[in-house]
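User: Could you take me through this model? I would like to begin with the sheet.

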Amino acid sequence: MGKHKPFILERKSMPEYHPSPDTDHYVLQVLTGNEYKVCGLLRQTARRNSPGLIQDIYVPTRYCNYRIKGEAFLVEKVMFPGYLLFRTSCVEEAFKVLKQAHSDTYFTVVGSNMSGILPVTEREL
């Protein structure tokens with residue numbers, strides 16, 4: 001049997017980040033391991049029901065270098081398992097749109113209190 005070639009991710013150049021001044025980041029908690037599935041589903045729901053309301057929904061990731069038996073690997077890993085980030089200017093409307101996703105999609109908005117849903121601060125990002 002021949003050796004399997006290692007799976008190596010190419011390091012992508014990240015686009016420059018210029019957030020709109022009228023949008024804030026919010027956090028969604030999802031079931032761990034389902035981040036990409038839920039992210040795709042919520043992205044489709046947001047585009048279909050209200051294009052432009054939610055600027056971005058994404059899984060925060062990072063690149064890690066690993067060395068196994070002398071071979072270097074660059075692996076993309078989920079930074080915060082079980083969490084998604086999204087940007088919007090109107091969180092109440094965005095939450096209504098996201099709730100229209102399939103009923104088997106479980107998520108919760110993190111940072112809500114009696115006065116409403118709180119955004120993630122710049123310092124926390």
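User: What is the strand order of the open sheet, and how does the pairing run?
Analyst: In this predicted model, 4 strands make up an open sheet with the order 2-5-1-6 and antiparallel pairing. Strands are DSSP runs of E of at least two residues, and helices are runs of H or I of at least four, numbered from the N terminus; two strands pair if DSSP finds at least two bridges between them.

User: Which strands stand at the edges?
Analyst: Strand 2 (54-58) and strand 6 (107-110) do; each has a single partner strand, so one side of each lacks a neighbour in the sheet. From one strand to the next, the twist averages 25 degrees. Angles run from 0 to 180 degrees between N-to-C directions, with axes fitted to C-alpha atoms, for helices over the stretch in contact.

User: How many bridges join strand 1 to strand 5?
Analyst: Strand 1 (residues 24-30) and strand 5 (residues 83-88) are joined by 6 bridges. Valine 27 stands opposite leucine 85 in strand 5.

User: What about helix 1: which strands does it lie across?
Analyst: Helix 1 lies across strand 1, strand 2, strand 5 and strand 6, at about 165 degrees to strand 2.

User: Which backbone nitrogens does the side chain of glutamate 35 reach?
Analyst: Glutamate 35, in helix 1 (residues 35-49), reaches the backbone nitrogen of glycine 33 at 3.2 Å, and a polar atom of its side chain lies 2.5 Å from that of glycine 82.

User: What are the numbering and confidence rules?
Analyst: Residues are numbered from 1 along each chain as its sequence is written. Local features need pLDDT of at least 70, side-chain atom pairs count only at pLDDT 80 or more, totals for chains, interfaces and linings use all residues, and side-chain values use heavy atoms, leaving out hydrogens and water.

Technical notes: A polar contact is a pair of N or O atoms within 3.5 Å; within protein, one must be able to donate a hydrogen and the other to accept it, and residues adjacent in sequence count only if both atoms are side-chain atoms. Contact means heavy atoms within 4.5 Å.
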